[in-house]
Amino acid sequence: MTDGAVTETARVLVAADKFKGSLTAVQVAERVTAGLRRIVPDVVVEALPVADGGDGTVAAAVAAGFERREVRVTGPLGEQLTAAFALRDGTAVVEMAEASGLQHLPEGVFAPLTATTYGSGELLRAALDAGARTIVFGVGGSASTDGGAGMLAALGARFLDAAGEPVGPGGGGLRDLATADLSGLDPRLADVDLVLASDVDNPLTGPKGAAAVYGPQKGATEEDVATLDAALAHYASVLGAEHADSPGAGAAGGIGYGALIALGASFRPGIEVMLDVLGFADALSRATLVITGEGSLDAQTLHGKAPAGVATAARAKNVEVIAVCGRLALPPEVLGAAGIRRAYALADLEPDPARSMAEAGPLLERVAENIARDFLT
């Protein structure tokens, strides 16, 4: 063994997130496993794909044994689409991006003022229909900035203008909001434990709010951002200022605020929730080495992303952690402080970003071979 301190009875736990745009979390685990076994054929590997509440959360739950359920819902532009949630033993994992995510917009098409979260509410209702008693609501990657108004409308709320007519869809429509009637919200929500799982802790409005920070990613111009921020502030003045500044209120275009103020949700960092739901503690108890990772290990990783959460949990149990990534932008001392012994980047093997992404699978297998040589032989 040249680098690590893992014994010949090593049990490797692969708990990595997706490499966005290249590999799903399941594919990352498959490629890492293949590479390790090419060098150490009899190594024991357990795969537990992870996610932090954003896109890929349902896929991670299904990989861990949850049942995939599909339902027709309303997309961010009002179109019908098929979305999925995961269910096991009364716990549902619902990913808002499945219904209201940026991936559902045609390439180059944005609707910052009118995109809606209505489909996310339909997805939550489907989880209720399936008998869920606990709902983990992963939020991130949204196409909308409507404060969750669309979601709440799908669950029975009414948002009316001064003439008593429903306001238009999206954050732009909230400028005309006169009254909000939450009395028609699905009564089953009162008996459900709804956990808002997110990797961001932004407030609803202001310079660090939903519109200012994330609006431009959704096609919002500077003028749109100002319009949306004012509309969200007005929306909060009608629904109630409570929770507007709470951590997570600004998540996914303010859908966090809607869940907190109207659905009685509790906020938890997404990776913490998902590690609990996926059974990470049990898997960790069987491991002598953990391999985690994501597409880019950078400053954002340290703020609630999956690899940081995995490393924190593993360090608490004195299990060594190695990371894999497409691109590495953190120095060794920062990685070490986060609980990551060493990181291996695809960019070290293929510096051209386009080629690295296109050939991510084979490159990751080669990276895993190097890990096996350094830590398992």
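About 40 Å³ of space lies in the largest cavity of this predicted model, a cavity being a set of points on a 1 Å grid over the protein atoms alone where a 1.4 Å probe fits but cannot get out. Residues are numbered from 1 along each chain as its sequence is written. In this predicted model, local features need pLDDT of at least 70 and side-chain atom pairs count only at pLDDT 80 or more, while totals for chains, interfaces and linings use all residues; side-chain values use heavy atoms, with hydrogens and water left out.

**Cavity**

- The whole structure holds 1 cavity of 30 Å³ or more, a volume being the space filled by probe spheres set on grid points that are joined across faces, edges and corners.
- Its lining consists of R11, V12, L13, V44, E46, A283, R286 and A287, where lining residues have an atom within 4 Å of a point.
- Strand β1 (11-14) and strand β2 (44-47) each give two or more residues to this lining, and β1 has the largest share, with 3 residues; strands are DSSP runs of E with at least two residues, and helices are runs of H or I with at least four, numbered from the N terminus.
- By class, the lining has 5 nonpolar, no polar and 3 charged residues; Ala, Val, Leu, Ile, Met, Phe, Trp, Tyr, Cys and Pro count as nonpolar, Asp, Glu, Lys and Arg as charged, and the others, Gly among them, as polar.

- Strands β4 (residues 80-88) and β5 (residues 91-95) pair in the antiparallel sense over 4 bridges, and A86 stands opposite V93 in β5.

**Residue T292**

- T292 is found in strand β11 (residues 289-297) and counts as buried because its relative accessibility is 0%, buried meaning under 20% relative accessible area (1.4 Å probe, protein chains only).
- Beyond four places away in sequence, T292 touches A15, A16, A306, P307, V310, V321, I322, A323 and V324, contact meaning heavy atoms within 4.5 Å.

Methods. On a 1 Å grid over the protein atoms alone, a cavity is a set of points where a 1.4 Å probe fits but cannot get out, and a pocket is an open set with protein on both sides within 12 Å along at least five of seven lines; lining residues have an atom within 4 Å of a point. Buried means under 20% relative accessible area, exposed over 50%, partly exposed in between (1.4 Å probe, protein chains only). Two strands pair if DSSP finds at least two bridges between them.
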